[in-house]
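Here's a quick briefing on a two-chain complex. Take a look at the model first, then we'll walk through it.

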Amino acid sequence: MTTSPAPERIRPRDRDAVIQSLRAGVVPRVGQQHIQVGRANEVGALVADIDRIADNGSAIRFAIGEYGAGKSFFLNLVRSIALERKLVTVHADLSPDRRLHATGGQARSLYAELMRNLSTRSKPDGGAMPSVVERFISESLNVARARDVAPEVVIRERLAELQELTGGYDFAEVIAAYWRAHDTGNEQLKADVVRWLRGEFSTRTDARAALGVRTIIDDATFYDHLKLFARFVRLAGFAGVLVCLDEMVNLYKLSNSKARNSNYEQLLRILNDCLQGSADGLGFVFGGTPDMLLDTRRGLYSYAALQSRLAENTFAGGGLVDYSGPVIRLANLSPEDMFVLLTKLRHVFAAGDPDDYLLPDEALTAFMNHCSERVGDAYFRTPRTTIKEFVNLLAVLEQNPGVEWSSLIARVDITTESNPDLTPLVDDEPDDLPGAVPETFAQPPSPTGAVPPPPPVSPGDDDELTNLQL
Amino acid sequence: MGFRDLFNRERDESPTVGTAVGPFSKSGSPAPVTVERSAEGSWIPAGGTIVVDGRSIPGGMVYFGTDLHGIREAEYAFSSWYQPSPEPALIDPSLRVEWASPDYAGTSMGYWPSYSEISPHSRAAYLAWLADGRRSPGTYIGYVFLFLYGLERRLLVDLESDLDGDEATALFGEVERLLGLYGDNGSFRGYASNLLSFATLAKSISGELTPPVWTEDHRGWEMPIDVQLGVSRYVAAGQPIPTDWALAYLRFHPSAYLNTPAKRCQSEFDELFRIRYRARFGDGLKVRAPSTKLQFSYRPSSASFGRTVNVQVGGLPDVMSIEGPINKLRDLATEISDELDAYSRLLGRRPDEAGTPAAIALLPDELVATHGGELVDQLRLWVDERLAGQQQAVVPLDELVDLWSSGKADKLAKRDAVALASLLGKFDIGIEPDVRFGASTPKPGSDVVLFRITGDSAVSPSSSYTAAMSLVHLTAVVAAADGSITGAEIEHLADHANQVLGLDESERTRLEAHLSFLATGKLGMAGMKRRVENLPATERAAVGRFLIDVAAADGVVSPDEISTLTKLFGHLGLDETDLYRQIHSLGTGDPGPVTVDPGEQTTRWAVPPATADEHLSERVVLDPAKVQARLAETAQVAALLTNIFADDNISPTLPPPTGLATRLPPPGSPAAQPPPDSASIAGLDAAHSAFAVQLSSQTTWDRGEAEGLAESLGLTFLDAAMDTINEAAFEICGEPLLEGDDPVELNAYAIEEMIS
């Protein structure tokens, strides 16, 4: 049972990133390809999706797996692939404060989080918004130079096609403002542009004062702006946008059915656009648990229109598989998967050189046995801790050459993880109160952008407020 | 030879039952003559006329004369001092008769009257009655008795050897006639009946006997003579007692103590008795002859005899002297009564329901053919027609109800449903749903399933059947969740029921019919909770697992099925999260190399044993084949990813690297507007190429310096320029050239790769 992965060079940067992430118990941002085990079909399906997005198409996938099945890892791998294929990616975890649909600023909050995590291949760790904007303006400047016209003219010309879309006009204004800011050395204006693009303005008044535009990115225009942005990145020379949204269980856990259904409705809108191809160069990957999908009372299946679109292909089954449906099912790891994963980790740790392997194969099974004795099946079903301890083990061996591995394995302490999804449902109500909005906002959010700033909320208005926000 | 001698005579030959050989000889019977005048103590035969005191009295059948003693007196005649009294029935013409004032009311008559002792007034009344043809109603009974005394003496003394002769027959006829006229008098009826039984006895002993049929107006504690005789003949011969004799023996036996059903439902009881008697005793009950002999006692009414006459009959054994036979028959009778009890009670409560299907359904199976009547025939015919040789058939309930209630009711009450099921069961037809098996009463307009019962037809469910039915119902609900149950699904379920649930043949048949029924209509969840609660807790998880397998049998767990499963899991008290997990794991499957025989994959749904924590204490055992498969797949995905993340593959879309470095402008030289054809690297335009080359002169740059350099090359935005360069770098070597924002660092490896 010896394993001899093809000698592949692993960059020290990737190696360190992978090891550090795993030791911290988080999914690596880069280098996932080195530790991917199996799932060739699933990865292949997503690669095809990404190519379609790059080809100005659209795609949507729901990666469904149980706790520990590797949803987040899968999403990150997909994101890395997308970056390699010259897509821009945005990603965020859904949470009670970050939803697809809301009236209390939670959708805008999600947009802001996505845009903060905007990544390109050269900036894979987020914060790539200025790069993207500047790429666009640079291109425009080149054209302007060649045609000897004012850059702003070219910028407006190139953005003309966006104006047909919701919010397109103000978007063009804001991009033009960036050039103006650069041209005049107005760093404040530049920062305001980036803040606007990230959806960090919470009131129109502020936006108007800062940028002279009438609209902001808010809960109601969350998705329209995503579509707009997808068009924009193509103008800037990128292939498209891939949106990765993890922890969909947070939508499922919304106890208020009206709020939940509004989110599902938004999801349906996205799903329809993607399946019909009307979202150009835009793709979505969601991560969620089986109950989130299958529960016919609160899950996606509770929403009839989603149900019919997400239900499995009736011709698949009986050994036939269909990876073209929107739902990708991720199986939990098996002991064999775990074994292969450990060989991969060993390989990464040795920077790809089999001569530097710190452990023989039998040590891997010995390690698995040890874990199995400690926590039972959990060691491969919820592998985070197992992986973490294994990497720690390798680290100790590396720093203490000559230590016998068998003695170290016996000392590995491992405990069972608990599934955070099993914690009680969050109560929906307090999150909708203005005071409970996360601190990440630069300014206190107002409940809605469509009405004038509301009068101070008196207790008697609670009902109306609640209704509005849900 | 006296009367008693005759009966006491031992037979010298075994009796032949049913033949005409009897103890009575027919020889020596005197021919009846008409006597016209008084003679000494002679019998005047019927039709003779006597003359008393100048008046002639027709009719005969009396003793007439002056010198005839009573029987007992004759026996004691040896005593010389004894003055014998005359025969009470003797009409002595020498005695005075007061014709003028007859005592019709019999006011002067004593208890044991004698012609010689009654008053002349009474004599006148007696003779008048005789002359009148012995028929005057309301006659004082003493006169009738007086006449009967004569008949007794003639029959039991004179004709004792010829009791089945013509004269005796005629005399018995006369007794019967009188019984008809004066039977109202209890005393007379008793004596006359007893006398008549001698006639029967006479015939019985010699002739053929038929068992008498018991009727409710039979009174008295005495077993009729003919029954005793009939039974004892068989006992004496060592032969089994035939059915009808046994029945009569039981019926008339004073200590049979028959219950109400035996009386209220006599016909049913008797029929069932016959069937059961044959079943239990074959040819009949065999009784060992007791030593006690059969003996009849007769107490004559006439004082002439003076005492009871005991008669032993030809050495026949006395079947009343033993308890054995009646005990056995009584046990049988009790059983039969019990079986008829429900039927009898129904008739007791609702006498008008006799013959209705509800009543028939309560009859024991054996009686349905004989007592079922037309309805059963119709029902049977109809069922046969519907089944048409098939194992089962779906029929509309309404038709059945119509037939059942003769159009009187349009739905089935629960009581009726039970009755219908048991009636059908009597000719081995089952019905589903069957209330007796825990189903609810079928609704009007629905369909039911008739089926042929194979094997023993139980009438209540076994615990495993209840469990199986619950399971089948649940699975049917699941299978039907996505529309309807298909034939294939039914087959699967039936198959499973047969193999896994441990049912016997009849239960399997019933379960299949139940399935067919489930397939006919919309399946409710009504009553499901109650049923599921009957399942042991340990089995519920297994049931849940099984239900999911059923839902997934067609390859897909549809949302409707999930919805149903969710409900059922709730009923089963199982965790919903488990449900989703299991469905999910079905969906992921295992793409490993384990080749499964497709034939085995399809229909075996054994309820899986609990697998919880199986691995906990076991050592990890890796399946080498699976590991190899996983490695192969991993290699596949690695190849895919390597293509994407390639650091040494040059994308074919890129222009091939040209010898650029040689034509680079010297570092630091201003090149605000580089000529379009100036040297470029890695497909970058001139400005970016120059920027990259100039940057590569240092390993780190302060951001401000880098911006200045970019400006000088006409690159407005540092970020954009860096992005463009990095993109090119990725294409060439898979790594960025420039890293970090402030300071900007250069990747030595990338420099080497790009500018070489």
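Let's start at a helix end: in this predicted model, Asp623(B) caps the N-terminal end of helix 25 of chain B, with a side-chain oxygen 3.0 Å from the backbone nitrogen of Ala625(B). From there we can follow the helix and then turn to the interface and the confidence scores.

**Helix 25 of chain B**
- The helix covers residues 624-644, and its end C-alpha atoms sit 30 Å apart, which agrees with the 30 Å you'd expect for 21 residues at 1.5 Å a residue.
- Its buried residues include Val627(B), Leu631(B), Thr634(B), Ala638(B) and Leu641(B).
- What do the buried residues of this helix pack against? They go up against helix 2 (40-54), helix 3 (71-84) and helix 15 (335-349) of chain A.

**Interface between chains A and B**
- Contacts link 76 residues of chain A with 60 residues of chain B.
- The two chains bury about 5800 Å² between them, and 59% of that is on carbon and sulfur atoms.
- Arg121(A), Arg135(A) and Glu336(A) supply 11% of the area chain A buries against chain B, more than any other three residues.
- There are six salt bridges between the chains; in one of them, Arg135(A) pairs with Glu727(B), with the closest N and O atoms 3.3 Å apart.
- Helix 5 (residues 129-147) of chain A gives the largest share of chain A's side that touches chain B, at nine residues.

**Confidence**
- The predictor gives the complex an ipTM of 0.75 and a pTM of 0.60.
- Chain B averages a pLDDT of 73, and 74% of its residues score at least 70.
- Over residues 590-617 of chain B, pLDDT is below 50.

Notes. Residues are numbered from 1 along each chain as its sequence is written. Chains are lettered from A and ligands numbered from 1 in the order in which they are written. This is a predicted model: local features need pLDDT of at least 70, side-chain atom pairs count only at pLDDT 80 or more; totals for chains, interfaces and linings use all residues. Side-chain values use heavy atoms; hydrogens and water are left out. pLDDT is the predictor's confidence in each residue, from 0 to 100. Contact means heavy atoms within 4.5 Å. Helices (H or I, at least four residues) and strands (E, at least two) are DSSP runs, numbered from the N terminus. The expected span of a helix is 1.5 Å times one less than its number of residues. Buried means under 20% relative accessible area, exposed over 50%, partly exposed in between (1.4 Å probe, protein chains only). A polar contact is a pair of N or O atoms within 3.5 Å; within protein, one must be able to donate a hydrogen and the other to accept it, and residues adjacent in sequence count only if both atoms are side-chain atoms. Buried area is the accessible area (1.4 Å probe) that two parts lose on being put together, summed over both. A salt bridge is a side-chain nitrogen of Lys or Arg within 4 Å of a carboxyl oxygen of Asp or Glu.
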